[in-house]
Amino acid sequence: MSDAVNVRSFHVVVDAPAEVVFDFVNDLRNLPRWAVHFCQGIRLVDDGAIVTTPSGEVYFAITSDRDTGVLDWWSGPTMESAERWPTRVVGLSDGRSLYFVMALLRGALPPNIDQLFADELGMLKRLVEAQTVAA
């Protein structure tokens, strides 16, 4: 196995305050609602979740700091082998938020990786904005 890592950056601007976006992403129960390609099912466990993906089950967790907006994703075959994907929510001066993901991908990239992330971050945007309007 190669040690090569493909680093890709993805982002979305959400019409909602940073705290709202942070709380939504930080709640693992929301993952199947917006990570529609990655998360086909989820089972919460101590310190994270077992996520059913198109490639099988993986451990998934988030370590976070609300004050800085940091939401590090941890994913891998087991908790001990999980790797970090840095993500962050940044409040913008106009009341909207920027949410970005730094994807650290090993092996061959799916040919449609950009579209997969666009779909999922687009879904995240729609769900958070709908929640904000309803509140």
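In which strand is the place of Thr 87? Thr 87 belongs to strand β7, which covers residues 87-91, where strands (E, at least two residues) and helices (H or I, at least four residues) are DSSP runs numbered from the N terminus. The model is a predicted one, in which local features need pLDDT of at least 70 and side-chain atom pairs count only at pLDDT 80 or more, whereas totals for chains, interfaces and linings use all residues. Residues are numbered from 1 along each chain as its sequence is written, and side-chain values use heavy atoms, with hydrogens and water left out.

View 1. Thr 87 counts as buried because its relative accessibility is 2%; buried means under 20% relative accessible area, exposed over 50% and partly exposed in between, with a 1.4 Å probe and protein chains only. Leaving aside neighbours within four places in sequence, Thr 87 is in contact (heavy atoms within 4.5 Å) with Gly 69, Val 70, Leu 71, Asp 72, Trp 73, Tyr 99, Phe 100 and Val 101. A polar atom of the Thr 87 side chain lies 2.4 Å from the backbone oxygen of Leu 71.

**View 2. Strand β5 and its partners β4 and β6.** Strands pair if DSSP finds at least two bridges between them; β4 and β5 run antiparallel and are joined by 7 bridges, while 3 bridges join β5 to β6, also antiparallel. Trp 74 in β5 stands opposite Ala 61, and the bridge partner of Trp 74 in β6 is Arg 84. The hairpin of β4 and β5 has 4 residues between the strands, and Gly 69 in its turn has a positive phi of about 80°, whereas the hairpin joining β5 to β6 passes through 6 residues.

**View 3. Helix α3, residues 113-134.** Helix α3 has 22 residues and reaches 32 Å from its first C-alpha to its last, close to the 32 Å expected at 1.5 Å a residue, the expected span being 1.5 Å times one less than the number of residues. Among the buried residues of α3 are Phe 117, Glu 120, Leu 121, Leu 124 and Val 128, and what covers the buried residues of this helix includes β1, α1, α2, β6 and β8.

**View 4. The largest nonpolar core.** This core, a set of buried Ala, Val, Leu, Ile, Met, Phe, Trp, Tyr and Cys residues joined through side-chain atoms within 4.5 Å, has 33 residues, and those with the most contacts inside it include Val 21, Trp 73, Tyr 99 and Leu 121. Helix α3 gives the most to this core, with 6 residues. Val 21 touches Val 14, Ala 16, Val 89, Ser 97, Tyr 99 and Val 128, not counting residues up to four places away in sequence.

Notes: Polar contact = N/O pair within 3.5 Å; in protein donor to acceptor, adjacent residues only side chain to side chain.
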